[in-house]
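Thanks for coming, everyone. Please bring up the structure and keep it in view while I talk.

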Amino acid sequence: MLAYLLRRLITSLIVVFGVSIGIFILLHAVYPSPARYVLGLRATQLDVDVWNKQNGYADPAITQYLRYMGHLLTGNLGFSYVENQSVWDLLKERTPRSVWLSGISLVFAILIAIPLGIFQAVKRNTVGDNVATSLAFITYSMPSFFLGLILIQVFAFSFPILGFEASQSNNVFVIMGDWKDMTLPVATLTLVSVAAYSRYMRSASMDVLAQDYIKVARAKGLPERLVMGRHLVRNASLPMVTLIGLSLPLLLAGNLITESLFNYPGLGLLFFTSLNKVDYPVMLAYTLAGAVLVVVGNLIADIALTVADPRIRLA
Amino acid sequence: MATQLQPLDIGRAPEGGEVGSVQSGLRLALREFASNRLALIGFAMLLFFVLFSWVGPLFYHTDQTTTVLGLANQAPTGSHLLGTDTNGFDVLGRMMKGGQAALEIGAFAALVAIVLGALIGSVAGLVGGLLDGFLMRITDVFLSVPLLFVVLIMAVRFGATVLSLSLLIGAFSWQVPARLVRGEVLTLRERDFVLAARTAGSSQTRLIWRHLLPNAFGVVIVNVTFQMVDAILLVSYVGFLGFGLHFPNVDWGDQLSGSIQYLEDGYWWQIFPVGACIVLTVMALNFIGDALRDAMDVRLRRR
């Protein structure tokens with residue numbers, strides 16, 4: 001198993017390396033230098049060239065890439081001329097908030113989707129299953145912002161119980177306690193995830209229920225709740241492990257939409273603002289972070305599955 | 001004694017067995033698909049949206065280019081069935097035009113992704129060896145690119161059009177079809193018909209084109225529907241954030257950008273009908289995709 005892990009780790013590193021080169025080259029081609037922005041539109045081409053040479057933007061792309069990577073290792077993610085701050089400071093300020101939003105949504109989604117999927121499989125084709133499956137299907141087919149809009153309409157305008165703008169506080173603990181403003185953003189992210197997870201959980205549970213060992217367990221006289229709790233949950237949760245690992249990067253993208261909708265000052269809103277202000281260092285850092293998350297998510301999914309499923313480990 | 005040759009008895013069924021026409025795998029799958037009720041509903045819904053988007057404007061004339069600010073933000077009336085938006089455009093007319101963009105981008109992006117994927121996958125599967133390994137690593141790299149962010153950055157720099165969005169989405173969505181086609185090719189290339197074709201002197205290209213790809217059709221067609229789903233949803237996200245197709249082009253996501261303001265003002269007709277269009281179109285495609293996948297899966301066949 002250790003050899004497998006090592007191999008996966010090395011492959012992941014190579015992939016991260018490849019993706020980072022690709023993204024860097026892409027962004028570099030689209031936006032060669034911030035000189036125009038810094039010097040103003042009236043600057044002559046000579047001024048721009050001089051500035052580029054002084055700040056390293058005249059070097060070939062590969063050199064710039066290597067320099068960027070070198071800086072990355074020391075924690076320097078570049079400087080945002082638009083916000084007049086280092087990118088690292090900008091990210092540091094906002095990461096706890098986004099991590100809280102994504103984290104709590106993920107936890108709720110798992111807590112809801114696993115029992116829901118099992119329920120759907122056990123009570124297959126009954127009214128409960130059909131209702132749950134239909135709702136999940138509709139939510140799954142919805143863009144997440146539309147779900148957010150519906151929730152806002154119902155819970156913030158038609159029946160003014162909750163707030164429609166997320167907490168603007170700088171203190172993560174205040175945010176955690178502010179259920180009035182945070183419920184809708186968390187609910188939006190959670191429901192979107194639940195829709196996807198419960199679909200998989202349902203089909204995984206149905207597959208498990210058809211297995212022979214379930215029949216054996218029942219034939220042995222095991223009470224139904226133990227059949228469910230001991231055999232069904234553990235085996236049906238295996239595909240979920242992979243799914244959760246793979247949806248880690250999607251949480252970042254989901255963040256973007258939800259934070260824009262609810263005006264929550266996290267990483268997603270930072271990226272959205274950087275798009276509007278054309279702030280490329282931030283865009284580059286965010287996209288690279290997204291790519292790294294994809295690779296890390298895949299790696300975690302693989303490792304977690306290997307740990308959880310002895311059949312893979314010993315194969 | 002030598003066996004007497006019996007006259008051919010065409011009109012009579014052989015003893016003990018029913019005679020049915022021999023059906024190819026694809027036709028069986030299509031019959032399976034057609035017997036799935038949800039699939040037919042999905043197909044009908046999709047057809048409705050195609051007609052809605054292209055035939056609708058022929059019957060429901062609206063002006064989508066001149067703004068009439070005096071008529072802005074009106075609730076549904078007789079002349080404007082779903083009201084008007086902030087620029088005075090008729091919302092229903094905008095939805096029809098947006099539907100055109102959504103379906104065009106969905107179809108075209110899926111086409112690009114499938115074509116690229118099939119090419120790369122079949123070459124990787126057939127040639128094998130180092131080229132296969134190299135192409136698969138490239139696939140892994142492309143799989144790790146967060147598509148939403150890249151599309152947004154490109155849209156900021158170059159502006160969004162139907163063509164640019166389709167090409168961009170397609171250029172980053174070929175990885176799954178490539179893997180699927182490669183898998184099929186790996187399975188198929190050991191078959192006798194491939195050996196026969198090779199013996200007959202078939203070139204690699206001919207092998208791919210005439211023998212392997214048609215047999216990989218099943219998995220590919222399932223993936224096409226899901227590619228369309230992903231493309232339509234992605235475009236709606238891009239539009240919602242304000243970077244979609246701009247005036248005079250219309251896009252469903254773009255209609256919903258800034259919608260939090262419309263909610264506050266109570267202009268529900270500017271939000272929920274468009275959103276419903278997106279949801280129903282995606283649902284239709286999901287029905288079709290699920291049904292196709294079940295139809296292709298031989299284990300689920302009733303016989």
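Let's begin at a loop. Asn125(A) sits in the loop between helix H5 (87-122) and H6 of chain A. Helices here are DSSP runs of H or I with at least four residues, strands are runs of E with at least two, and both are numbered from the N terminus. Before going on, the ground rules. This is a predicted model: local features need pLDDT of at least 70, side-chain atom pairs count only at pLDDT 80 or more, and totals for chains, interfaces and linings use all residues. Residues are numbered from 1 along each chain as its sequence is written, and chains are lettered from A and ligands numbered from 1 in the order in which they are written.

Back to Asn125(A). Its phi is near 65°, a positive value in a residue other than glycine. Most residues other than glycine have a negative phi. Is Asn125(A) buried or exposed? Asn125(A) has 9 C-beta neighbours inside 10 Å, so it counts as exposed. The cut-offs: buried means 20 or more other C-beta atoms within 10 Å of the residue's own, exposed means 12 or fewer, partly exposed lies in between, and C-beta atoms are placed from the backbone.

Now Val278(A). It lies in the loop between H13 and H14 of chain A. Its phi is positive too, about 55°, and Val278(A) is not a glycine. With 15 C-beta neighbours inside 10 Å, Val278(A) counts as partly exposed.

Next, chain A as a whole. It has 15 helices and two strands. Its C-alpha atoms fill a box of roughly 85 × 55 × 30 Å along the principal axes. Of its 315 residues, 34% are buried.

Where does chain A meet chain B? The count is 34 residues of chain A in contact with 28 residues of chain B. Contact means C-beta atoms, placed from the backbone, within 7 Å. Helices of chain A that each supply at least two residues to this side include H1 (2-30), H7 (144-158) and H14 (280-308). By class, the side of chain A that touches chain B has 27 nonpolar, seven polar and no charged residues. Nonpolar covers Ala, Val, Leu, Ile, Met, Phe, Trp, Tyr, Cys and Pro; charged covers Asp, Glu, Lys and Arg; the others, Gly among them, are polar.

On to chain B. It has 14 helices and zero strands. Of its 303 residues, 45% count as buried. Residues 24 or more positions apart account for 73% of its contacts with a separation of 6 or more.

Two helix pairs in chain B, then. Which angle do H4(B) and H11(B) make? Helix H4 (residues 91-127) and helix H11 (residues 217-240) of chain B pack at about 135°, with axes 8 Å apart. Axes are lines fitted to C-alpha atoms, for helices over the stretch in contact, and angles run from 0 to 180 degrees between N-to-C directions. H4(B) and H11(B) are therefore oblique to each other. Under 35 degrees is roughly parallel, over 145 roughly antiparallel, 65 to 115 roughly perpendicular, and the rest oblique. The contact of H4(B) with H11(B) has 14 nonpolar, three polar and no charged residues.

Last pair. Helix H2 (residues 37-54) of chain B packs on H4(B) at about 120°, with axes 7 Å apart. H2(B) and H4(B) are therefore oblique to each other. In H2(B), Phe49(B), Val50(B), Phe52(B), Ser53(B) and Trp54(B) meet Met96(B), Gly99(B), Gln100(B) and Leu103(B) in H4(B). That contact has six nonpolar, three polar and no charged residues.

Technical notes: Contact = placed C-beta atoms within 7 Å.
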